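Here are my notes on the model we talked about. Have it open while you read, and go through the points in order.

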Amino acid sequence: MSTAALPGPLRYFAAQLDELGPGDVPDMDRVGRLLAGLAADTEFFAPLIAAIPAEAPGDRWLIRPERGPRLVLVHRPEGVMGYTHSHRCWVGIAPVRGVETHQRWHADRHQDGRADLRLADERTLHRGDVATLIPPRDVHNHGHVPGTGPSPYSLILLGDDMLLFDREEYDPDRGTWRALPPGDPGRANR
Ligand SMILES: [Fe+2]
């Protein structure tokens, strides 16, 4: 995909990402700083956020090449968390507006569908904050927890098209997991 057609802030961001060079996993601290820097451009994101109603889940792809890093703006409404899932690629997440609760999990899968899930890290992300994940420690969920603040609109940067990979989805409440074959995005919200 040519980045020449992208709006200025996204073109600049894509160029900066490009400068990190080839490799399976870039310097995630630098990736995180770039992502938080982009998320700070509230003027650019205001109309994109306005196009996603606050009451319902929604997303808007911003950079989506065939392979390699891609960027999406994701909104979850009041009190809605996603299912826990793996990616099999690196990930960065940074709120533009609102408060995103981010949980990373240790997950041990059993053949019978049970999973031992232990919360490894929980953070309440505001604009300026960023969470990054690198496989195999890439099992997370995120969304909105009532009482934390306004529901989030967040940038999610993925190192590749995760739908090309075999992934897993977990239900921490039930202690279960299921395989997500390539192409299966899993359940969006719980
Ligand atoms: Fe994710």
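**Notes on the fold and the metal site**

1. Let's start with helix 1: the face turned away from its buried side carries the exposed residues Y12 and D18. Keep in mind that this is a predicted model.

2. On the buried side, helix 1 (residues 8-18) has L10, F13, A14 and L17. These residues span an arc of only 100° around the axis, so they sit on the same side of helix 1.

3. What do the buried residues of helix 1 pack against? Their partners are helix 2 (28-39), helix 3 (42-50), strand 1 (58-63), strand 2 (70-75) and strand 9 (153-158).

4. Strand 4 (residues 91-97) and strand 9 run antiparallel and are joined by 6 bridges. If you want a pair to click on, A94 has L155 in strand 9 as its bridge partner.

5. Last, the metal. H85, H87 and H140 coordinate the iron ion, each through NE2, at 2.0 to 2.1 Å. Along the chain, the donors follow the spacing H-x1-H-x52-H. H85 counts as buried because its relative accessibility is 15%, under the 20% cut-off. H87 is buried too, at 2%.

Technical notes. Residues numbered from 1 in each chain as written. Predicted model: local features only at pLDDT ≥ 70, side-chain atom pairs only at ≥ 80, totals over all residues. Heavy atoms only, no water. Donors = N, O, S within 2.8 Å, 3.2 Å for Na, K, Ca; no water. Buried < 20%, exposed > 50% of the residue type's maximum accessible area, 1.4 Å probe, protein only. Helix = DSSP H or I, 4+ residues; strand = E, 2+ residues; numbered from the N terminus. Arc of directions from axis to C-beta. Contact = heavy atoms within 4.5 Å. Pairing = 2+ DSSP bridges.
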